[in-house]
Amino acid sequence: MNADVCVQRTRHPSRSSMALILFRAFLTCPDACVFQMVQDPTQFDVLVMPNLYGDILSDLCAGLIGGLGVTPSGNIGANGVAIFESVHGTAPDIAGMDLANPTALLLSAVMMLRHMGLHDHADKIQTACFDTIRDKKVRLKSLLGGLQYFCSFKSKFQTMKAACL
Amino acid sequence: FSLETHLLPRKNLVAPPARYGGRHTVTLIPGDGIGPELAKHVCELFRFCCVPVDFEVVNVDSTKTSEDDINNAIMAIRRNGVALKGNIETNHNLPPSHKSRNSLLRTTLDLYASVMHSQSLPGVRTHHRNIDIITIRENTEGEYSSLEHESVPGVVECLKIITRTKSLRIADYAFRTAREKGRRRVTAIHKANIMSLGDGLFLECCKEVASGYPEITFNSMIVDNTTMQLVSRPQQFDVMVMPNLYGNVVSNVCAGLVGGPGLVPGANYGENYAVFETGTRNTGKSIANRNTANPTAMLLASCLLLDHLKLHGYASMIRKAILSTITDSQVRFDQCYMQFVGGIQLLLLRPALYFDITLNMSSPLCSSCTLLIWEVRAPHLKWSSPSWMQSRAVDLAHRDTRNQMTVRLHLSL
């Protein structure tokens, strides 16, 4: 429960080059964190933790927002090396049938663009993606346990392309 | 609907003998934070209900490094056989040789099974409904073996111990519990894809025990998928058995799903001893001494204690009172009252209003009017802006002829 000051350089062109972020370091056990997370996830912003707790908590958070089909992720290494991936399964039964939900990989690509500094493109694609999901005409079906994602990919992609241009 | 006990009677586990005129002696360890006030509530409740239980209070000072306090507590539990405890704080600033007092208690007394029954309570608004999960957590080994060393500065090794004996024991406990309570499915939670030796052994032991219980379906699930399934579709789980650390996380998720740490009791069972506490084992330092802690978890834990002592009449009376309080349709969860057979009504009220409370004094059990005011934080209130209810004044209004007294409570936020 210490108050700490963190200085973070932001690369976003619209903000100042050095942003001072004041945060309260929450030292909390994973058990205390999880029941707060389940009851009120909005109190959390950024969480940092070791490997195992991260595995458990990241999947818990993914479950809260709608599953692995809409969750982007990235693995950042030293010297700017990074791999961005979607963490859902391979779903071989719907492969090649134009049914897979591209949201997770698309948002991971958005993360990649931000990492590379291409914020304009990232914003465009992200806005298009969210608008498409919000649009009731395109129905996204996803089954959380079976990791199978059905989506009318073609129509979604076309809507997104139209929104981007 | 009924709040069931998960008491598992075993042939060689005998409740401690009643002493001194039919009264049981139970060790009470108040602990830190909200522990002492919750313990006080339990004592007062038992006094009013005339439960034949005497508490032997043993205080454990968490600031001291010497282990005398906790050893006294362990000796008292050995003497009495059962205990009710609050959580003892573990100070992280003390050297690593200072072990967690709670974990020392559990391992010394070999309380190998930590059982938590998370049930959706009617009257408590949660996102998911109809949850009924029993989480059985191995309590003595796993990641909590306290075996850590730093051979090279800056590189710490922490040993996670999984043994065949203890895994078989906890799996057997889980399946026996499932059979006794008529449950259909046991799910083992693991991370055997990464820890293939440790969790692989645990899983193998569970499979071995499962073969002896053909009427119960056994399946396994990886812990990260489990937490995701728990927040999306928790109704698919029935009984869950898991090693120590996953048990900690998963049982807390289940507690959060049914309404929070203030509602779920927990029990630690061993071969010879049983210790009851709140399910999520929090000290609650931030809400200590403000008369705002939710007593439900500790009261339900005391009901489990009474069931263990075979005082089922008292246990069901208190449970019924708690349940009727929570399910009363006129009462929202941010106000609740406890009504006991015997007639004393204890109130927690809506903020910024005053209420007329009727105390039924006609019960022969109560000789004096004592008003206990418990204030409950509503689970729907955001944690970032809690509104605490403070009782400011109690006015004694009048006493009517039906042996009842009406009291007016003024509350303000």
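**Figure 1. Domain division of chain B.** Chain B is divided into domain 1, comprising 14–113 + 120–126 + 259–343, and domain 2, comprising 129–258. The model shown in this and the following views is predicted. Taken over C-alpha atoms, the centres of domain 1 of chain B and domain 2 of chain B are separated by 24 Å. The secondary structure of chain B consists of nine helices and 17 strands. Of the 413 residues in chain B, 57% count as buried. Among contacts in chain B with a separation of 6 or more, 72% are made by residues 24 or more positions apart.

**Figure 2. Interface between domain 1 and domain 2 of chain B.** Domain 1 of chain B contributes 22 residues to the contact, and domain 2 of chain B contributes 18 residues. About 1700 Å² is buried between domain 1 of chain B and domain 2 of chain B, with 45% of this area on carbon and sulfur atoms. The rule identifies 12 residue pairs in polar contact across this domain interface, both residues of a pair being at pLDDT 80 or more. On the side of domain 1 of chain B that touches domain 2 of chain B, the elements giving two or more residues are α3 (101–108) and β11 (265–269) of chain B. The most is given by α3(B), with three residues. By class, this side of domain 1 of chain B has nine nonpolar, eight polar and five charged residues.

**Figure 3. Salt bridge between the domains of chain B.** The count between domain 1 of chain B and domain 2 of chain B is one salt bridge. A salt bridge also describes the meeting of the side chains of B:Arg169 and B:Asp110, with an N to O distance of 2.8 Å.

Figure 4. B:Arg137 lies in strand β5 of chain B, which covers residues 132–138. Why does B:Arg137 count as buried? B:Arg137 counts as buried because its relative accessibility is 6%, under the 20% cut-off. The side chains of B:Arg137 and B:Asn244 are joined by a polar contact of 2.9 Å. When residues up to four places away in sequence are not counted, B:Arg137 touches several residues, including B:Tyr112, B:Ala113, B:Ser114, B:Tyr144, B:Ile170 and B:Arg281. The residues touched by B:Arg137 also include B:Met242, B:Pro243, B:Asn244, B:Gly247 and B:Asn248.

Figure 5. B:Met242 is placed in strand β10 of chain B, residues 239–242. With a relative accessible area of 0%, B:Met242 is buried. Leaving aside neighbours within four places in sequence, B:Met242 is in contact with B:Thr135, B:Ile136, B:Arg137, B:Glu138, B:Ile189, B:Phe202, B:Gly247 and B:Val250. B:Met242 and B:Asn268 are 26 residues apart in sequence, and their C-alpha atoms are 14 Å apart in space.

**Figure 6. Interface between chain A and chain B.** The contact draws 22 residues from chain A and 25 residues from chain B. The area buried between chain A and chain B is about 2100 Å², and carbon and sulfur atoms give 70% of that area. In chain A, the residues that lose the most area to chain B are A:Phe35, A:Gln39 and A:Ile56, which together make up 28% of what that side buries. The rule finds three residue pairs in polar contact across the interface of chain A and chain B, both at pLDDT 80 or more. At least two residues of the side of chain A that touches chain B are supplied by each of α1 (30–39) and α2 (51–65) of chain A. The largest share, nine residues, comes from α2(A). The residues on this side of chain A divide into 12 nonpolar, six polar and four charged.

**Figure 7. Salt bridge between chain A and chain B.** One salt bridge is counted between chain A and chain B. B:Lys191 forms a salt bridge with A:Asp55, the closest N and O atoms lying 2.5 Å apart.

**Figure 8. Packing of helix α1 of chain A.** Helix α1(A) is mostly covered, nine of its 10 residues being buried. The buried residues of α1(A) are A:Pro30, A:Asp31, A:Ala32, A:Cys33, A:Val34, A:Phe35, A:Gln36, A:Met37 and A:Val38. These buried residues of α1(A) pack against α2 of chain A, together with α6 (223–232) and α7 (244–258) of chain B.

Notes:
Residues are numbered from 1 along each chain as its sequence is written. Chains are lettered from A and ligands numbered from 1 in the order in which they are written. Side-chain values use heavy atoms; hydrogens and water are left out. Domain bounds come from an automatic or database domain assignment. Contact means heavy atoms within 4.5 Å. Buried area is the accessible area (1.4 Å probe) that two parts lose on being put together, summed over both. A salt bridge is a side-chain nitrogen of Lys or Arg within 4 Å of a carboxyl oxygen of Asp or Glu. A polar contact is a pair of N or O atoms within 3.5 Å; within protein, one must be able to donate a hydrogen and the other to accept it, and residues adjacent in sequence count only if both atoms are side-chain atoms. Helices (H or I, at least four residues) and strands (E, at least two) are DSSP runs, numbered from the N terminus. Ala, Val, Leu, Ile, Met, Phe, Trp, Tyr, Cys and Pro count as nonpolar, Asp, Glu, Lys and Arg as charged, and the others, Gly among them, as polar. Buried means under 20% relative accessible area, exposed over 50%, partly exposed in between (1.4 Å probe, protein chains only).
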